[in-house]
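Dear colleague,

I am passing on a structure that you have not worked with before, together with some notes on what I found in it. Please look it over before reading on.

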Amino acid sequence: MSEFAIETEDLNVYYGKNHVIKNMNLKIPKNTVFAIMGPSGCGKSTLLRSFNRLLDLNKIARVQGSVKLFGEEIYSNNTDSIVIRKDVGMVFQYPNPFPHLTIYDNIAIGLKMNKLVKDKNEMDSRIEWSLKKAGLWDEVKDRLEDYPSNLSGGQKQRLVIARAIAMKPKVILMDEPTANIDPVGSKKIEDLIFELKKDYTVVLVTHTPAQAARVSDYVAFIYMGELVETGKTGIIFTSPKSKTTEKYLMGELV
Amino acid sequence: MIKIKSVKMDAFDLITYPAVFFVFLLFLWMLLVYFTNSLPAFQREGLNVYLKNIWIASEIPNKEYYGILAAIWGSLYTSLIALAIALPLSISYSIFVGDYLPRKFKEFMIIVSDIMAGLPTIIYGIWGAFFLVPFIKNWVMDPVYEYLPFISKFSQKPASGFSFLSAGVLLGIMITPFISAVVREAYGMVPHTYREAAYSLGLTKYEATKILMGYIKPAIISGVILGFGRAIGETVAVSLVVGNAFNLSANPFSPGYTISSLIATQYGNSFIYEHMTSVLYAAGLFLFFIGLIINLLGIYLLRRWRKNVSL
């Protein structure tokens, strides 16, 4: 087993003729929060989606190079993207619990369809466990049969996190999880991310350097599809090697 | 004039208000015409017009007696067969067009199905009578009768292909473009983020699509209601293939009537008989009510859905 949760080697992603990710070499250590930051349109979200092969959904996306998940190549011919995604949970920029399913069913559906629990009892306790882990249990325990439309944005996002955790993944990918959430809700989610790294590897895409500074252990700065700099968060923020990174952190690069 | 100014009516209101009023008036007027004209039938037979399966058309008015239960049954039966065929077909079609077809073929397929929706129904009727009916007789009815002795013991050898089944299949083909247009549009508008969410849970294509189908359930319900309304009201095509016989039978191979085919085929000679016209009006009134109930049910279901789920 590799000491890294995710390793990429000469990773290139194209959308048609558009070269979006260029020769990316990243190493993401286990049980850390790894932040990917960069101005919008730099390819952060695309990079994140290459880690669970969600790019397969995009008909014009083409991936070259290698992505290893705990040492195993996920882009070889004999890996099944569906199996990989069971180990890699994902949280999205727009809080997207399924609106037509109850709070309970939102978490249950992945477990049910993947046959991860054997009976109703186990299902109930797994749902309680994941909601507690996501810090949402006390707020929704009396209305599990309600639809998520009445939850606040932050609560919806924590429900999505619970949905991902319930599958007991090894890695959780988060694509700007607080971009559409109010400050109080964002704070709760950031605290949660800090908690989650005890059990999971969290890869966090963020467009605010401040958030990366607050919650991450490692950070990678990406600009125009290229990796500019990566390393321990403290070091990058205090003494960046690259001028571009410095500019970005000063807020001079949009 | 002063009064009009005080409620702030401008020229646009003046043009549009009467139109709204007129549509509503037409609705009431039609209902009234149907009701008054069917009244004699109710006075003579009571609700037996709807509850009995009997059709005695006699030139001696005293002997005349009509009950359209068989036609009511036929309408519901053929429409349900139609839905059973059209719904899975429409959903599969929508998924195929949405997820698998390349863009070029997609547009082509959409145009084809839209043309099919707009074809005059007589075209389906002729095709049904000359092609579908013999086809169903030769390839469905006869083999079933021959190779499933259990069934043949309880029924007679089907004499022709004109039957509830033929009408149901033809109606199913006719309403598929309507239902699939609704489902296809809705499926195309599912936000990408829900698709990503479903796949990120490690679901297969089938499982993820099932979730997305749940998401567009209101559209599927609307499509079903629209299709059912079309099927139950369809006249010409059905009357050419359903066999036009008073038959209160659950056997899909037996010929039957539907309300609209009954009206269409009996209307021509109704003037010979004293009481028949009124009965045909009563039949029309029933169709009116079915339409009303179906639409109210649809509105109720959608409302309940919207209350729970804000998409």
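At what angle do the axes of helix H9 (residues 192-200) of chain B and helix H10 (residues 205-215) of chain B cross? Before I answer, please note that this is a predicted model, in which local features need pLDDT of at least 70 and side-chain atom pairs count only at pLDDT 80 or more, while totals for chains, interfaces and linings use all residues. Residues are numbered from 1 along each chain as its sequence is written, and chains are lettered from A and ligands numbered from 1 in the order in which they are written.

The two axes cross at roughly 140° and come within 9 Å, where axes are lines fitted to C-alpha atoms, for helices over the stretch in contact, and angles run from 0 to 180 degrees between N-to-C directions. That makes H9(B) oblique to H10(B), given that angles under 35 degrees count as roughly parallel, over 145 as roughly antiparallel, 65 to 115 as roughly perpendicular and the rest as oblique. Helices (H or I, at least four residues) and strands (E, at least two) are DSSP runs, numbered from the N terminus. On the H9(B) side, B:Tyr194, B:Arg195, B:Ala198 and B:Tyr199 meet B:Ala208, B:Ile211, B:Leu212 and B:Tyr215 of H10(B), and the residues of this contact divide into 7 nonpolar, no polar and 1 charged. Here Ala, Val, Leu, Ile, Met, Phe, Trp, Tyr, Cys and Pro count as nonpolar, Asp, Glu, Lys and Arg as charged, and the others, Gly among them, as polar.

In chain A, H3(A) and helix H6 (residues 153-166) pack at an angle of about 30° with their axes 8 Å apart, which makes H3(A) roughly parallel to H6(A). Among the residues that meet there are A:Ile103 and A:Ile107 in H3(A) and A:Leu159 and A:Ala162 in H6(A), and by class this contact has 6 nonpolar, 2 polar and 1 charged residues.

Between the chains, the contact takes 21 residues from chain A and 20 residues from chain B, two residues being in contact if their C-beta atoms, placed from the backbone, lie within 7 Å. Helix H2 (81-87), strand E6 (88-91) and helix H3 (103-113) of chain A each supply at least two residues of the side that touches chain B, and that side divides into 12 nonpolar, 7 polar and 2 charged residues.

As for chain B as a whole, it has 14 helices and 2 strands, and 36% of its 311 residues count as buried.

Finally, A:Phe70 has a phi near 50°, a positive value in a residue other than glycine, and lies in the loop between strand E4 (61-69) and strand E5 (72-73) of chain A. With 17 C-beta neighbours inside 10 Å, A:Phe70 counts as partly exposed.

Notes
Buried ≥ 20, exposed ≤ 12 C-beta atoms within 10 Å, placed from the backbone.
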